[in-house]
Amino acid sequence: MVLKIFFPQCCNTADSGLLVGHWIPGHNSAVVLAVIHYPFIPGQVKKYLSELQSQTQVDLTVLGSWSMPKEGKEGMDSFLKDLSTIFPQKCWLQLSREIGKRGFICQVVQNNGKLLQDREQKNGDESSEGDKIILIHYDQRKVMLSQLHPVQDVSQKSDIEPSELRLVFQTVAQSQPLFFLDKYDDGPLKLTHWQSEGREASIIAELLKQASVPVCIFLTWLLSLWHWFCMVLKMLFISSKLSTCVQSGYRAVHFKTVFSPKKAATHMEFMRKANIFVSFLLDIALGLLLISWLYRENRISKLADTLVPVADRVAKELQELLEWLMGAPAGLKMNRALDQVLGRFFLYHIHLWSSYIHLMSPFIERILWYVGLSACLGLTFALSVLSDIVALLTFHIYCFYVYGARLYCLKIYGLSSLWRLFRGKKWNVLRQRVDSCSYDLDQLFIGTLLFTILLFLLPTTALYYLVFTLLRLVVVLFQGVIHLSVDFINSFHLFAIGLRICRPYRLAEGVKFKVLCQEPGTPLHLMMEINPLKCSSVLQCYRTPTYSCYPKDSWAALCKKLFVGELIYPWKQKTDKTD
Amino acid sequence: MAEEEFTDINGNSISLDCQTRSAFCREFTVTSPKLSLRKVMVYTCFVWLFAYAVFFFTEVDHETLLIIGSLGVQLSSSCASGRESTIFIEMNKLKDIVINEAVYMHGIIYYLCILIKDPADPETVTSVVPLFQSSKPRLNCLVQVYRSCQEILAQSR
């Protein structure tokens, strides 16, 4: 079997000492985590290792000895051999470097005294089992911070044994407490690991970490107040229809995730928290940009000034449309009486609507000014408010659509049931099927009469229905576009993409091996590098689950609903519990 | 006679040359160049450079199979522009390396492939990864690689 030793790059130039690490069970490989330098007291080493073992749940042991030759210091060999008796091991590794050679020399002593060497057997005898040693160099800091994908939860019990590489990554990641003490510290033990290359932490980062816990607790308390307020609002039916309230509720849930004082346990939780936080910051930044653009040069009052004329214009266009329908639209001949009734009915509505708008017009500027300030809560808020304003301004179109659709729907139902009567059949509600039925003569007479009336009035109603449905669809499409962009801002995981671009080793798809130079007498040296995750996999893996609006029905179902005259609400919000 | 600016009915420029041979003999020449050599050469150069750039960035230059006994197999392919893509398959996921025959159109081709298994279920082959897809070597080359890989795989089993 081949013995694999994972050796950190930072220890390549370390002074002589003991190798500390972990034997990976079942795979005949060892991970070297640090080097303890001379002088040391063996008792202290053992005590320290057992303390760390209880802290990290990693079985840390002394793996062997490391000797780096320096001028003037010879005679370490015999000292090194004696060490193997102090730290009893199944296998004792002896790694050493020679001046002038780049490769390491590796000797493995098994506890029965048999020496395994990696030397080319010149006589090629069968007594050697061909045991070979592979030395794999890895960048300790990168492996410690990186996460292998697909992510497997450590707490999750799975039947599959984690693979060797996954165990190596887990071991290095879990041994963080080992890396706190350094050879520059005044402790009983002097260690070399990745921290010896240079301290990384900065004061500001440390202060932020300390301050974040009380800030999180305060924000969680604020959030509970806001949540109680939202519960009160939810009693109102209208709050589930206004997209602003939906968006604010959604953000509140987000904040609960981000600002919970509990530290993120798993990688996925951490990524989700970070993604939400970064997307929230981006949202606020875009919102502030929008505010600075809107309030400069008093654009907001200009906008308010154009709002009332636009509403008036829409009302006028609708009026002209209705008058066109009341005449002979597209050359079709309408039923005069019904036409006039419907046309006048809708015209009166438009008249009411424009008078309401005119009533509101002095207050519009003030209201818009304050509503525009809400964009400081984020661009998504501003877009939701815009969507709500559009919905309110086109409320009359919605009303007309409902009236037209109901009329049309009633007509279609009437027609279909009278058609059944015409043929002598009836709809059996109990059996949910069409049954034959014998009608009386007067029932047949009235039924046929009504059927004829409804049939000839159908084109008029159908035309009104068609026109208002088209208008409604235009408004719905516009709202849908706004909702989609809100959704995009909500769910875009900028943090994951940024991490992939700036620190590609954090998200690892796998590893890459490179063969380092080969010198005779030394084992095989490999360089293990992290293979970062592909951008498309990042996008797929870290999608924030969103309350995205998506079409509730397929195209066929939508067309059927339109034909029958059922009211359509094409965008469905995922979390509507009341629906 | 002097030359003036004339154009034909489509707007392309032509030139008129009048030559008086004698008092009662005149010669008129109308020149309409259809093809200019410079333009043709420039267009050809552009097309070739574009094709070269496309090949530079997309075509695979060389593919590597690195097999490390008891650790795994690494496949990498690199383009002329230096872009590399690498996959590492661990030994516990690798079932075997075999040469497969495939009927392709009117002929039979051989390709070397790696059989992948799920460590939990060692008997079934979950997927097949073909090797050397861009270079497509013939059987003699594949046999050499195959024999060599099998030696290493036999050692690590």
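Student: How many salt bridges does the rule count over all chains?

Tutor: Side chains of opposite charge can pair when their charged atoms come close. In this predicted model, the count over all chains is six salt bridges.

Student: Which residue forms a salt bridge with A:Glu317, and how far apart are the closest N and O atoms?

Tutor: The partner of A:Glu317 is A:Arg313, and their closest N and O atoms are 3.3 Å apart. The cut-off for such a pair is 4 Å.

Student: Why are A:Glu317 and A:Arg313 separated by about one helical turn?

Tutor: Because they are four residues apart in helix 8 (residues 299-326) of chain A.

Student: How many salt bridges are there between chain A and chain B?

Tutor: Between chain A and chain B the count is zero. Polar contact does occur there: the rule finds four residue pairs across the interface, both residues at pLDDT 80 or more.

Student: What area do chain A and chain B bury between them?

Tutor: The size of an interface is often given as the accessible area lost when the parts come together. Here chain A and chain B bury about 1,200 Å², with 63% of it on carbon and sulfur atoms.

Student: Which elements of chain A each supply at least two residues of the side that touches chain B?

Tutor: They are strand 8 (133-138), helix 4 (164-174), strand 13 (507-515) and strand 14 (524-532). Strand 13 of chain A gives the most to that side, with four residues. By class, the residues of the side of chain A that touches chain B are nine nonpolar, two polar and three charged. In terms of contacts, 14 residues of chain A meet 12 residues of chain B.

Student: How many aromatic pairs does the rule count over all chains?

Tutor: The count comes to 22 aromatic pairs over all chains. A:Tyr408 and A:Tyr465 form a stacked one, at 4.3 Å centre to centre and 5° between the planes. This pair links distant parts of the chain, 57 residues apart: A:Tyr408 is in helix 11 (residues 395-423) of chain A and A:Tyr465 is in helix 12 (residues 441-491) of chain A.

Student: Which residues of chain A does the UniProt annotation "transmembrane region" cover?

Tutor: The unreviewed UniProt entry places the annotation on residues 276-295, 367-394, 400-422, 443-467 and 473-497 of chain A. An annotated range can be set beside the modelled chain. Residues 400-422 of chain A are 100% helix and 0% strand, with the end C-alpha atoms 32 Å apart. Over residues 367-394 of chain A, the chain is 79% helix and 0% strand, and the end C-alpha atoms are 18 Å apart.

Conventions:
Residues are numbered from 1 along each chain as its sequence is written. Chains are lettered from A and ligands numbered from 1 in the order in which they are written. This is a predicted model: local features need pLDDT of at least 70, side-chain atom pairs count only at pLDDT 80 or more; totals for chains, interfaces and linings use all residues. Side-chain values use heavy atoms; hydrogens and water are left out. UniProt positions are given in the numbering used here, feature names are shortened, and annotations may be inferred rather than shown by experiment. Contact means heavy atoms within 4.5 Å. Buried area is the accessible area (1.4 Å probe) that two parts lose on being put together, summed over both. A salt bridge is a side-chain nitrogen of Lys or Arg within 4 Å of a carboxyl oxygen of Asp or Glu. A polar contact is a pair of N or O atoms within 3.5 Å; within protein, one must be able to donate a hydrogen and the other to accept it, and residues adjacent in sequence count only if both atoms are side-chain atoms. Ala, Val, Leu, Ile, Met, Phe, Trp, Tyr, Cys and Pro count as nonpolar, Asp, Glu, Lys and Arg as charged, and the others, Gly among them, as polar. Rings of Phe, Tyr and Trp (its six-membered ring) pair if their centres lie within 6.5 Å; planes under 30 degrees apart count as stacked, over 60 as edge-to-face and the rest as tilted.
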